[in-house]
Every structure is written in structure tokens, then in C-alpha cells.
Amino acid sequence: MEKIQTIIKFAHDHADKLLSGVDNLGEYLVQDLSTLTPHDVGLKFPLEILKKDPRIHYVEIFQDGTISAGIFCMPPGSFIPLHDHPNMIVYSKVLYGTLRTQSVDWDIDTCDAPMCARLSDDSIETPESPVLEIRPTHFNLHSLLAITECAFIDIVMPPYNERDRPCRYYRDAPCTSMELPPLRLRDNEVPSESNAYGENDTFATSYEMRDSIATHLHLEAVDMAIDMGELPYLGPPCRKTTKRSR
């Protein structure tokens, strides 16, 4: 069995225990993911399609009602805005390139205001970086900036679905009660599809991911979706049953 097949089978067979965090089973998944390479999933880089079509592209490896596995391929300067993973866990590994990740968690302990969150992590991820683990109370919201062309794989349990686990996007809400260095869209406006992902605007002007960011943020939901391209999966075959919903 190929490495990616082993990873998906293990995640699928032990999804309930991985979600509950018992038996430290996540350590085995992290160990296998940490050595995964683009070759293991049939990915050749750099991707010529990203020069012709500068959208983020998604490669679906596997999906059913229990887990989903896929690869996000990002051209340099492209950006995925702050979004959540409701009641889900995610194991994420950069396969090539350099990615900046800012992770945020809901702050229910030290902030009484609604939709109050705190910055939990701000890091540069490469293939040598540890596997990123996302849980309902750990790094649950994040935004992603491609420093160079890059690709990362996500193993998600359970997958998004529009009824129970929709993917929601957020921005920093205007707040008069606290002085907060902003993590927000320019002029507090939602970006258009043309400028949010590096097509007609630069990263710095379409969305500001600050080097010095507020410890606490007051967020508000933003009604938006990302127009992603799709690429075929060319790695070892994995059974697929239902389409991705995101």
C-alpha cells in the first residue's frame, strides 16, 4: 500500500478516536504525514497551470462522509482569508514552497464581547515544518498567504457540508471599545474575487496580514466564497464517493 493510501485508510478507520483525541492516535497520522512528498501524491511542480490561471487550485484525493483529503495549490501572493473549521479536526502538511499561516481561536475565557477571538499563532510553513493540527479549540480559524508558489495537503474529519459544517469567512469588525491593531480588509471592505487572490491587486493592499497583530480581535462573519480551479489527482488511486462541499 502506498503512503497516501495508508494515511487515508488510517484516518478513515480511526476518525472517531482522532476526533476525540484518545489513545494519541494523531501521533501516528502526524508521523506518516510528516514524510509525505509531492511525488507521493503525483504532484509535479512548479505547476504550469498556475501561470495561465492564477487562481488557487484544489486536487481532490478522497472524500466521503467521514473524511476528506485534498491538496491546495497556491500561486505566489495568493491568499485564503480567515475561515473556520466548525467541530472538525484537520491535519495539514506543506508539500512544497513557503506558506504563511495565522491561526486564531475564539476567546471565551478573557473576553465577554461576542465574536471575540485571539491570535494563537503566526508562522512560516515549509515542507520541513511540523504537521499543523487544527481542532475545535486549537487553531480553529486561520488565514493563509502563499509566500512562494506552494501546495499543502489537508486531511479533514469530518468534511465540510453546507447543512452542519459550512465554511465561514471572517474579518476584524470595527470596535470602539478597544484599541486594536487591525487584521482586516482594506477600508473594512470585502475583497472582490479579482483582488482577493492576487489577480489584479497585491497581497498587501487587498488584505493586510500584519507583522504585529492584535492579541484580541472582534470578528464578524463575511458572506463570500473562493472561486477555485480544480486539478485532477494523479497519485495512487484512492476510493472516492461523494463530491466536496465547501
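Me: Is Asp 122 buried, exposed or partly exposed?
Reply: In this predicted model, Asp 122 is partly exposed, with a relative accessible area of 30%.

Me: And which residue does Asp 122 form a salt bridge with?
Reply: The partner is Arg 100, and the closest N and O atoms of the two are 2.8 Å apart. Asp 122 lies in strand 6 and Arg 100 in strand 5, so the pair ties together parts that are 22 residues apart in sequence.

Me: Arg 100, buried or exposed?
Reply: Buried: Arg 100 has 10% relative accessibility, while Asp 122 is partly exposed.

Me: How do strand 5 and strand 6 pair?
Reply: Strand 5 covers residues 99-106 and strand 6 covers residues 116-125, and the two pair in the antiparallel sense over eight bridges. Within that pairing, Thr 101 has Ser 123 in strand 6 as its bridge partner.

Me: What about strand 6 and strand 11, how many bridges join them?
Reply: Three bridges, and strand 6 and strand 11 run antiparallel. Strand 11 spans residues 216-222. Leu 217 in strand 11 is the bridge partner of Ala 117.

Me: Where do side chains point in a strand like that?
Reply: As a general rule, side chains in a regular strand alternate between the two faces of the sheet.

Me: Back to salt bridges. How many are there in the whole structure?
Reply: A search of the whole structure gives nine. One of them is between the side chains of Asp 227 and Arg 55, at 3.1 Å from N to O. Asp 227 lies in the loop between strand 11 and strand 12 (229-231), and Arg 55 lies in the loop between helix 4 and strand 1 (57-63), so this pair ties together parts that are 172 residues apart in sequence.

Me: How accessible are Asp 227 and Arg 55?
Reply: Asp 227 is partly exposed at 37% relative accessibility. Arg 55 is also partly exposed, with a relative accessible area of 22%.

Me: Which residues are joined with Arg 55 into one network?
Reply: Asp 53 and Asp 227 are joined with Arg 55 into one network, through salt bridges that share partners.

Me: New topic: the backbone. Which peptide bond is cis at Pro 46?
Reply: The bond from Phe 45 to Pro 46, with omega near 5°. Pro 46 sits in the loop between helix 3 (26-34) and helix 4 (49-52). Another cis peptide bond runs from Met 157 to Pro 158, with omega near -15°. Pro 158 is in the loop between strand 9 (150-157) and strand 10 (169-172).

Me: Why point those out?
Reply: Because most peptide bonds are trans, and most residues other than glycine have a negative phi.

Me: Then what is phi for Asn 87?
Reply: Phi of Asn 87 is near 55°, a positive value in a residue other than glycine. Asn 87 is in the loop between strand 3 (79-83) and strand 4 (89-96). Its relative accessibility is 60%, so Asn 87 counts as exposed.

Me: And Phe 139, buried or exposed?
Reply: Phe 139 is buried, with a relative accessible area of 13%. Phe 139 has a positive phi of about 60° although it is not a glycine. The residue lies in the loop between strand 7 (132-134) and strand 8 (141-146).

Me: What lines the second largest cavity?
Reply: Its lining includes Ser 92, Lys 93, Val 94, Thr 101, Glu 125, His 142 and Phe 152. The lining residues divide into six nonpolar, three polar and two charged.

Me: Which strand gives the largest share of that lining?
Reply: Strand 4, with three residues. Strand 4, strand 5 and strand 8 each supply at least two residues of the lining.

How values were computed: Residues are numbered from 1 along each chain as its sequence is written. This is a predicted model: local features need pLDDT of at least 70, side-chain atom pairs count only at pLDDT 80 or more; totals for chains, interfaces and linings use all residues. Side-chain values use heavy atoms; hydrogens and water are left out. Two strands pair if DSSP finds at least two bridges between them. Helices (H or I, at least four residues) and strands (E, at least two) are DSSP runs, numbered from the N terminus. Buried means under 20% relative accessible area, exposed over 50%, partly exposed in between (1.4 Å probe, protein chains only). On a 1 Å grid over the protein atoms alone, a cavity is a set of points where a 1.4 Å probe fits but cannot get out, and a pocket is an open set with protein on both sides within 12 Å along at least five of seven lines; lining residues have an atom within 4 Å of a point. Ala, Val, Leu, Ile, Met, Phe, Trp, Tyr, Cys and Pro count as nonpolar, Asp, Glu, Lys and Arg as charged, and the others, Gly among them, as polar. A salt bridge is a side-chain nitrogen of Lys or Arg within 4 Å of a carboxyl oxygen of Asp or Glu.
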